[in-house]
Amino acid sequence: MLLKIIKRLELQLIKTLYTKYGFYPESIILIKSYPNFVYKVNYKNSKFILKILKKDQINIERMNFIEFIQKSIEIPGNILNINNKIYSELYFDGDELFFYLQHHINGTDINYENNNNAITYGRELALIHLNSRSYKTIYAEVDILKECIKELKDILDILRNINEKAYDSFRSILFLLKEKKEEIYYENLIFIHGDTHGGNAILAKKIYFIDWDESKLYDSYYDISCFYWMCITLDKINLWNLFCSGYQENYPINYIQNKNKILKMSILKDLKVFKYYLEYSQMIGIDLIKDIYIKKRYNFIKNLINQII
């Protein structure tokens with residue numbers, strides 16, 4: 001049933017590509033199905049990435065920021081349709097969807113066996129943050145623990161119905177978070193990438209950051225913390241030190257002063273990833289979340305909480 005739906009969706013995409021962009025693709029290949037459908041589109045000697053969004057996922061300000069950052073940082077460019085717009089409407093089974101098209105970068109995933117890649121990743125991310133500061137800043141309140149608790153409550157809503165033991169374990173995490181002293185602070189927020197976990201970048205002649213759908217106005221330390229989260233998850237803290245050395249070539253990092261912030265943001269990142277896999281598992285109707293994974297996430301988060309001063 002699902003395969004038939006996907007096939008009809010792809011036929012509708014092919015028709016819409018012709019009406020909105022003036023070409024029939026030679027092939028359209030599904031490369032990701034959650035949380036959004038993502039396709040690789042081939043036409044003659046050109047390759048594109050096509051991403052489908054719901055109407056409430058459209059963020060014009062994010063696209064304006066990406067357009068701005070492209071003037072100084074090389075990232076995949078969006079392709080305007082015949083109406084000179086980024087987003088194109090896609091009517092399918094009564095739903096009003098949208099999609100956008102961008103150039104595909106020929107390259108490889110980043111291999112961190114080469115230590116220089118961690119340095120370059122940090123250096124390029126710092127340049128993004130530097131340029132972002134010249135685009136827009138907003139002095140606003142940040143409450144990381146509040147965001148962690150929100151994500152955790154969503155996780156508990158899912159676990160309550162599928163795994164009673166895991167529900168009890170993560171309910172204890174909720175209590176631990178609530179016991180921590182709230183440290184609401186004010187920061188000059190900038191547009192960040194939002195998912196810089198060491199991936200979401202292609203290595204070609206240089207590192208190109210991709211997948212900007214989590215980009216938003218937030219504390220730039222969240223991007224930094226996402227890389228830290230990757231390092232401690234994979235037990236490769238040496239990459240963190242290399243990343244920091246690269247980042248600090250263009251902008252300072254004060255790890256000691258911001259340690260609590262980085263720890264809390266790493267917890268937030270881990271909760272977001274855990275919730276993603278829980279929701280994906282429910283969507284496809286297959287139990288992908290094994291007890292050993294749940295136990296690892298519990299121990300990982302509890303360990304980070306215990307490090308918060």
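**Ground rules**

I am working with a predicted model, where local features need pLDDT of at least 70, side-chain atom pairs count only at pLDDT 80 or more, and totals for chains, interfaces and linings use all residues. I count residues from 1 along each chain as its sequence is written, and side-chain values use heavy atoms, with hydrogens and water left out.

**Entry: the helix pair**

I began with helix H4 (residues 144–162) and helix H5 (residues 164–179), which pack at about 165° with axes 8 Å apart. Helices here are DSSP runs of H or I with at least four residues, strands are runs of E with at least two, and both are numbered from the N terminus. The axes are lines fitted to C-alpha atoms, for helices over the stretch in contact, and angles run from 0 to 180 degrees between N-to-C directions. H4 and H5 are therefore roughly antiparallel, a word kept for angles over 145 degrees.

I then looked up who makes the contact (heavy atoms within 4.5 Å). H4 brings residues including Leu 145, Leu 152 and Arg 160, and H5 brings residues including Glu 164, Phe 170 and Lys 178. I sorted the contact residues into 13 nonpolar, no polar and four charged. For that sorting, Ala, Val, Leu, Ile, Met, Phe, Trp, Tyr, Cys and Pro are nonpolar, Asp, Glu, Lys and Arg are charged, and the others, Gly among them, are polar.

**Entry: the pockets**

On a 1 Å grid over the protein atoms alone, a pocket is an open set of points with protein on both sides within 12 Å along at least five of seven lines, while a cavity is a set where a 1.4 Å probe fits but cannot get out; lining residues have an atom within 4 Å of a point. Points are joined across faces, edges and corners, and a volume is the space filled by probe spheres set on them.

The largest pocket holds about 1,700 Å³. I found 49 residues in its lining, with Lys 32, Tyr 34, Pro 35, Asn 36 and Tyr 276 nearest the centre. Elements that give it two or more residues include helix H1 (2–21), strand E3 (46–54), strand E6 (95–103) and helix H8 (259–284). H8 has the largest share of this lining, eight residues. By class, I noted 22 nonpolar, nine polar and 18 charged residues there.

The second largest pocket comes to about 330 Å³. It has 16 lining residues, and Ile 31, Ile 49, His 104, Ile 210 and Asp 211 are closest to its centre. Strand E1 (27–32), E3 and E6 each give this lining at least two residues. Its classes are seven nonpolar, five polar and four charged.

**Entry: the cavities**

I found two cavities of 30 Å³ or more. The largest cavity has about 80 Å³ of space. Among the residues lining it are Arg 62, Met 63, Tyr 100, Gln 102, Asp 211 and Asp 213. Helix H2 (60–69) and E6 each supply at least two of its lining residues, and H2 gives the most, three.

The second largest cavity has about 30 Å³. I listed Ile 49, Lys 51, Tyr 100, Gln 102, Asp 211 and Asp 213 around it.

Methods: Parallel < 35°, antiparallel > 145°, perpendicular 65-115°, else oblique.
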